[in-house]
Amino acid sequence: MNLRDIKKDIKYVIGAFVDDCSLFSVVNRAADDEALADLLQEAVDLYNDLLDKANSKVEGAKSVYFNSIRKELLEKTNALYEKLSEMVKAAKPAV
């Protein structure tokens, strides 16, 4: 694993989450826009945080460090998806 791969993973995973949020917003007009905006801000903050970690100077085994970043990416994105899922369940269907 190298820096380029971890950056691609971060961009892809967070980008997919943002796309899913956008799709939910378009499909269900009754969605809570403020809560969705907060969720998107969390995703952007996660993106920036993980890129900062990936770009930081690493002493020792880089692959171990990048694997820990990838693990954090997946865990935190999973938590964001759980929040989005709760929003979807709470939203009233569009008529």
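Helices here are DSSP runs (H or I) of at least four residues, and they are numbered from the N terminus. With that in hand, welcome to this structure, which is a predicted model: local features need pLDDT of at least 70, side-chain atom pairs count only at pLDDT 80 or more, and totals for chains, interfaces and linings use all residues. Residues are numbered from 1 along each chain as its sequence is written, and side-chain values use heavy atoms, with hydrogens and water left out.

**How the helices pack**

- Helix α1 covers residues 3-27, while α2 spans residues 33-55 and α3 spans residues 62-90.
- The axes of α1 and α2 are 10 Å apart, and the two helices pack at an angle of about 175°; axes are lines fitted to C-alpha atoms, for helices over the stretch in contact, with angles running from 0 to 180 degrees between N-to-C directions.
- That angle makes α1 roughly antiparallel to α2, a label given to angles over 145 degrees, whereas those under 35 count as roughly parallel, 65 to 115 as roughly perpendicular and the rest as oblique.
- Residues of α1 including I6, I10, F17 and F24 meet residues of α2, among them L36, L39, L46 and L50; contact means heavy atoms within 4.5 Å.
- By class, the contact of α1 with α2 has 17 nonpolar, two polar and three charged residues.
- For these classes, Ala, Val, Leu, Ile, Met, Phe, Trp, Tyr, Cys and Pro count as nonpolar, Asp, Glu, Lys and Arg as charged, and the others, Gly among them, as polar.
- Helices α1 and α3 have axes that come within 11 Å and cross at roughly 0°, which makes α1 roughly parallel to α3.
- In this pairing, α1 residues including D5, V13, A16 and D20 meet α3 residues such as F66, R70, L73 and Y81.
- The contact of α1 with α3 divides into 17 nonpolar, one polar and four charged residues.

**The nonpolar core**

- A nonpolar core is a set of buried Ala, Val, Leu, Ile, Met, Phe, Trp, Tyr and Cys residues joined through side-chain atoms within 4.5 Å.
- Buried means under 20% relative accessible area, exposed means over 50%, and partly exposed is in between, using a 1.4 Å probe and protein chains only.
- The largest nonpolar core has 22 residues, of which I10, F17, F24, L39, I69 and L84 touch the most other members.
- Each of α1, α2 and α3 supplies at least two residues of this core.
- Leaving aside residues up to four places away in sequence, F24 touches A31, L36, L84, M87, V88 and A91.

**Some residues to look up**

- L46 lies in helix α2 and is buried at 8% relative accessibility.
- Not counting residues up to four places away in sequence, L46 touches I14, K76, T77 and L80.
- The C-alpha atoms of L46 and E72 are separated by 9.7 Å, with the two residues 26 residues apart along the chain.
- T77 sits in helix α3 and is buried, with a relative accessible area of 4%.
- Beyond residues up to four places away in sequence, T77 touches V13, I14 and L46.
- L3, in helix α1, is partly exposed at 32% relative accessibility.
- Again not counting residues up to four places away in sequence, L3 touches A54, N55 and F66.

**Salt bridges**

- Side chains of opposite charge can pair when their charged atoms come close.
- A salt bridge is a side-chain nitrogen of Lys or Arg within 4 Å of a carboxyl oxygen of Asp or Glu, and the structure holds six of them.
- One of them joins E72 to K53, with the closest N and O atoms 2.8 Å apart.
- E72 lies in α3 and K53 in α2, so this pair ties together parts that are 19 residues apart in sequence.
- E72 is buried at 15% relative accessibility, while K53 is partly exposed at 28%.
- E72 also meets K76 in a salt bridge of 2.9 Å, N to O.
- K76 and E72 are four residues apart in helix α3, separated by about one helical turn, and K76 is partly exposed at 39%.
- Another salt bridge links E86 with K89, the closest N and O atoms being 3.9 Å apart.
- Salt bridges that share partners join D49, K53, E72 and K76 into one network.
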